[in-house]
Amino acid sequence: MASSFAAVFFSSAFAACFAEVCTIPLDTAKVRLQLQKKAALATGGGGGTTGGMLGTIMCIAREEGVAALWNGIIPGLHRQCVYGGLRIALYEPVKAFFIRDGDTVAGGVSLFAKILAALMTGVIAIVVANPTDLVKVRLQADGKATTVKRHYSGALNAYATIIRQEGIGALWTGLGPNIARNAIINATELASYDQLKQMFLKLPGFTDNVFTHLLAGLGAGFFAVCIGSPVDVVKSRMMGDAMYKSTLDCFAKTLKNDGLPAFYKGFIANFCRIGSWNVIMFLTLEQVRRSIL
């Protein structure tokens with residue numbers, strides 16, 4: 001029997017929120033690393049957050065307190081309730097819409113149909129959830145070590161301040177790179193998890209259990225960070241710093257000022273974050289689905 005949209009949405013949102021709570025310190029470190037610029041590093045700026053992921057986490061905890069690692073958790077949960085719920089709940093219906101005679105293979109739905117469906121659901125979900133993403137990034141970036149300080153007192157204050165000072169349209173700042181980033185990462189995560197799980201279940205000794213879900217989730221996270229890192233860096237910089245005029249302007253200035261490696265800045269932190277996030281989210285999702293569906 002087909003699962004109801006509401007049940008899938010709830011289980012997806014719950015799993016995404018649980019993964020967010022577990023991994024947001026890694027995300028905070030990733031954002032700080034991505035916002036670092038060569039000029040700041042060369043002059044000794046950056047608040048000492050140049051020691052990679054672990055060094056950044058330790059620096060934030062030492063200078064700002066351990067709680068600062070969970071900056072942005074409230075809008076992060078807002079985001080996952082909306083984005084995490086929509087992108088997964090819409091995946092199966094949209095995938096069914098894209099299935100045509102040429103989009104099926106002997107083992108099931110083709111990879112092409114899975115990618116198309118995940119691209120579409122990623123776009124729809126992030127257009128709705130962009131304000132929550134913006135506030136999350138700004139709260140994470142607003143630390144002692146950053147040059148742009150806004151001093152929001154919390155998530156609701158950040159929403160209100162942005163609307164009052166910058167206009168309601170500012171809540172969709174960075175929408176272009178965010179659509180690109182989330183469409184790409186969503187397509188990579190959902191399609192690769194779906195494909196890897198299907199592939200593993202065809203191998204002898206594999207069953208639909210926690211180990212299979214763990215391997216598929218880890219693989220999905222690895223592919224997502226490899227493909228999505230450049231647009232993730234552009235998204236973080238546009239949302240964290242108002243100096244950029246557009247997505248292309250941010251891309252060009254980052255390339256000119258910081259070089260090509262800047263697009264993979266925070267790669268280890270990003271992989272630890274997305275890899276662990278995918279493992280926790282998919283493991284939780286599979287268990288919740290079995291409980292309520």
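The model is predicted. The chain contains 11 helices and 2 strands, and 52% of its 293 residues are buried. Of the contacts with a separation of 6 or more, 79% join residues 24 or more positions apart.

**Overall architecture**

- Along the sequence, the secondary structure elements follow the pattern α-α-α-α-α-β-β-α-α-α-α-α-α.
- The helices discussed below include H1 (residues 5–35), H4 (residues 73–89), H6 (residues 111–141) and H11 (residues 267–292).

**Helix packing against H11**

- Two packed helices are described by the angle between their axes and the distance between the axes.
- For H1 and H11, the axes come within 8 Å and cross at roughly 165°.
- Because angles over 145 degrees count as roughly antiparallel, H1 and H11 are roughly antiparallel to each other.
- The crossing of H1 with H11 is right-handed, and the residues of this contact comprise 20 nonpolar, 7 polar and 5 charged.
- For H4 and H11, the axes come within 14 Å and cross at roughly 70°.
- On the H4 side, the contact is made by Gln 80, Arg 87 and Ile 88, while H11 contributes Trp 277, Met 281, Leu 285 and Arg 289.
- By class, the residues of the contact between H4 and H11 are 4 nonpolar, 1 polar and 2 charged.

- Thr 121 is located in helix H6 and is buried because its relative accessibility is 0%, the limit for burial being under 20%.
- Beyond residues up to four places away in sequence, Thr 121 touches Arg 87, Leu 90, Tyr 91, Val 94, Asn 186 and Leu 190.
- Arg 87, one of the residues touched by Thr 121, also takes part in the contact of H4 with H11.
- Asp 133 is likewise found in helix H6, and its relative accessible area of 2% means that it is buried.
- The side chain of Asp 133 forms a polar contact with the side chain of Arg 79, at 3.0 Å.
- With residues up to four places away in sequence left out, the residues touched by Asp 133 are Arg 79, Ile 126, Asn 178, Asn 182, Lys 235 and Met 239.

**Ser 276 in helix H11**

- Ser 276 belongs to helix H11 and is partly exposed, because its relative accessible area is 24%, a value between the limits of 20% and 50%.
- A polar atom of the Ser 276 side chain lies 2.4 Å from the backbone oxygen of Cys 272.
- The C-alpha atoms of Ser 276 and Cys 22 are separated by 8.8 Å, although these residues are 254 residues apart along the chain.
- Apart from neighbours within four places in sequence, Ser 276 is in contact with Thr 23, Leu 26 and Phe 271.

Technical notes: Residues are numbered from 1 along each chain as its sequence is written. This is a predicted model: local features need pLDDT of at least 70, side-chain atom pairs count only at pLDDT 80 or more; totals for chains, interfaces and linings use all residues. Side-chain values use heavy atoms; hydrogens and water are left out. Helices (H or I, at least four residues) and strands (E, at least two) are DSSP runs, numbered from the N terminus. Buried means under 20% relative accessible area, exposed over 50%, partly exposed in between (1.4 Å probe, protein chains only). Contact means heavy atoms within 4.5 Å. Axes are lines fitted to C-alpha atoms, for helices over the stretch in contact, and angles run from 0 to 180 degrees between N-to-C directions. Ala, Val, Leu, Ile, Met, Phe, Trp, Tyr, Cys and Pro count as nonpolar, Asp, Glu, Lys and Arg as charged, and the others, Gly among them, as polar. A polar contact is a pair of N or O atoms within 3.5 Å; within protein, one must be able to donate a hydrogen and the other to accept it, and residues adjacent in sequence count only if both atoms are side-chain atoms. Angles under 35 degrees count as roughly parallel, over 145 as roughly antiparallel, 65 to 115 as roughly perpendicular and the rest as oblique. A crossing is left-handed if the near helix is turned anticlockwise from the far one by less than a right angle, and right-handed if clockwise.
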